[in-house]
Amino acid sequence: MKRQSMKSRIIVGLLSILLLFAMSGKTGVVHAANSNEGVRDFVTRLYTVCFSREPDEGGLNNWVSQLKNGMSGADAAAGFFFSQEFIQKNLCNDCYVTSLYNCFLGRTPDEAGKKSWVEQLEQGKSRGSVFNGFVGSAEFGAICESYGIVRGNGDWSGKSMPVSGECAGCAAKDKVDEEALKGFVTRLYTVCLGRTPDEQGLMNWVEALKGGSTGADVASGFVFSKEFQNKNLCNEHFVEYMYQAFFGRPADPAGKASWVETLDKGGTKGQVFSGFAGSAEFKKLCGDYGITAGNANYDKEDFKASGTCTEDGKVQVQASGSNTSKTETVKPNVTQQPQASQQKPQASQQQTQTIQQPSQQPQAGIQPQEDQGQPEAGQQPSGSDDTSTGSQVEQPQAGTQPQEDQGQPEAGQQ
């Protein structure tokens, strides 16, 4: 009996240690109680999670002193969350709940949990009451213990957080999103037109994407623009450009040969475009930029070369299709302003059409492995999981309550 009891205690002890490791900011470090290093790390974490900045030395030292002299982790966290610096972020309910998850649970929110907390706030529950639910959690207790700090407890249900103005959390996300959209459009200018975008054209396309235009909508505006058509590309070079624009890689020989054969036998450039635009690889590339690929049918769109092919060398290889990759420049051969710099795509997008099953059998080639939408070496996609029209680019769419005059990180001052 004694052996069994001892064994049980050992197991419980080991489980407790593992929990501490799991909740210690994923560092695996557990600090001694009230150690200077642990307390400093705890405060630094609050600055990073709540203010998205490094602590100023004066503010850091003040918080460390208060924690080493008996302040609980809960009181310190309340000092940050109900400080003017945090309140001035004007966080919407969604962003506020996300910040609570990051601070007190050390993770991003699960959708169901986040939805529940946001609904409570929208139904009138105070932000202080929701704060209580997180600060009293076992997860936050484990995080505090990993830094050698006592969690403590309290009741902040009477605390409000007035919101007036733009949510800093949403603005930050929008900024990131816009940069990604700019990256997608810039990539098309570079790959298709061989030049950097003009500012007006760039922003027109970005606004179009914000308004709901798909990646295929925008790509069609470039591929069917006069500037691109004036390259007078032969079928071989047109196909190579499609691989670079939609896949971010050179063509595999078998796949390229099959697409060229499609064009040589009378297929339209719109058919080739539709095949690439509906591919799994293009969907992934668009996903990297945070946009929808779309899958409209452009089969009837076509243009013919009216002179010598201006492509004097093969298209250079792009390192990657992601929005963090660098696209090497394709040699430019034209100087006139592109149709792509307008907000509306070309006539190819004026009408929604049904994707037709191709009559030609696909050849072997290294093609994306997905059961729909991929250009299997010259084959058109047989279906779509996207009902995008692709028609016309739309216009943009616990302890004691902290004193009010102390414990608040007012720009690092106490």
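1. A salt bridge is taken here as a side-chain nitrogen of Lys or Arg within 4 Å of a carboxyl oxygen of Asp or Glu. The model is a predicted one, and a search through the whole of it gives 18 salt bridges. A few of them are discussed in the next points.

2. How exposed is Glu 281? Its relative accessible area is 22%. Buried means under 20% and exposed means over 50%, so Glu 281 counts as partly exposed.

3. Asp 302 and Lys 304 form a further salt bridge, their closest N and O atoms lying 3.1 Å apart. Asp 302, at 30% relative accessibility, is partly exposed. Lys 304 has a relative accessible area of 57% and is exposed, because the cut-off for that class is over 50%.

4. Some of the charged residues join up in a network. Salt bridges link Glu 178, Glu 179, Lys 182, Glu 207 and Lys 210. The range of helix 11 (residues 199–210) takes in the last two of these positions.

5. Does the length of helix 11 agree or disagree with its residue count? The helix has 12 residues, and at 1.5 Å a residue it should span 16 Å. The expected span is 1.5 Å times one less than the number of residues. The end C-alpha atoms of helix 11 are 16 Å apart, so the two values agree. Its buried residues are Gly 201, Leu 202, Met 203, Asn 204, Trp 205, Val 206, Ala 208 and Leu 209. After the helix comes Gly 212, with a positive phi near 115 degrees.

6. Phe 140, Gly 141, Ala 142, Ile 143, Cys 144 and Ser 146 are buried in it. Gly 148 follows helix 9 and has a positive phi, near 75 degrees.

7. Turning to the rings, the count of aromatic pairs comes to 34. In one of them, Phe 51 and Phe 80 are 5.3 Å apart from centre to centre, with 35 degrees between the planes, and the pair is tilted. Phe 51 is in helix 2 (residues 36–51) and Phe 80 in helix 4 (residues 73–81), so that the pair links distant parts of the chain, 29 residues apart. Phe 51 counts as buried at 8% relative accessibility. Phe 80 is buried as well, with a relative accessible area of 0%.

8. Phe 81 and Tyr 96 make an edge-to-face aromatic pair, with centres 6.4 Å apart and planes at 80 degrees. This pair links Phe 81 in helix 4 with Tyr 96 in helix 6 (residues 93–105), distant parts of the chain that are 15 residues apart. Phe 81 and Tyr 96 are both buried.

9. Which charged end sits over the ring of Tyr 96? That of Arg 127 does, 4.6 Å from the ring centre. Elsewhere, Lys 269 lies over the face of Phe 303, 5.1 Å from the ring centre.

10. Two backbone angles deserve a mention. Most residues other than glycine have a negative phi. Ser 52, not a glycine, has a positive phi of about 55 degrees. Ser 52 is in the loop between helix 2 and helix 3 (57–68) and counts as exposed at 58% relative accessibility. Asn 90 also has a positive phi, near 50 degrees. Asn 90 is placed in the loop between helix 5 (84–87) and helix 6, and is buried, with a relative accessible area of 13%.

Methods:
Residues numbered from 1 in each chain as written. Predicted model: local features only at pLDDT ≥ 70, side-chain atom pairs only at ≥ 80, totals over all residues. Heavy atoms only, no water. Buried < 20%, exposed > 50% of the residue type's maximum accessible area, 1.4 Å probe, protein only. Helix = DSSP H or I, 4+ residues; strand = E, 2+ residues; numbered from the N terminus. Phe/Tyr/Trp six-rings, centres within 6.5 Å; stacked < 30°, edge-to-face > 60°. Lys NZ or Arg CZ within 6 Å of the ring centre and 35° of its normal.
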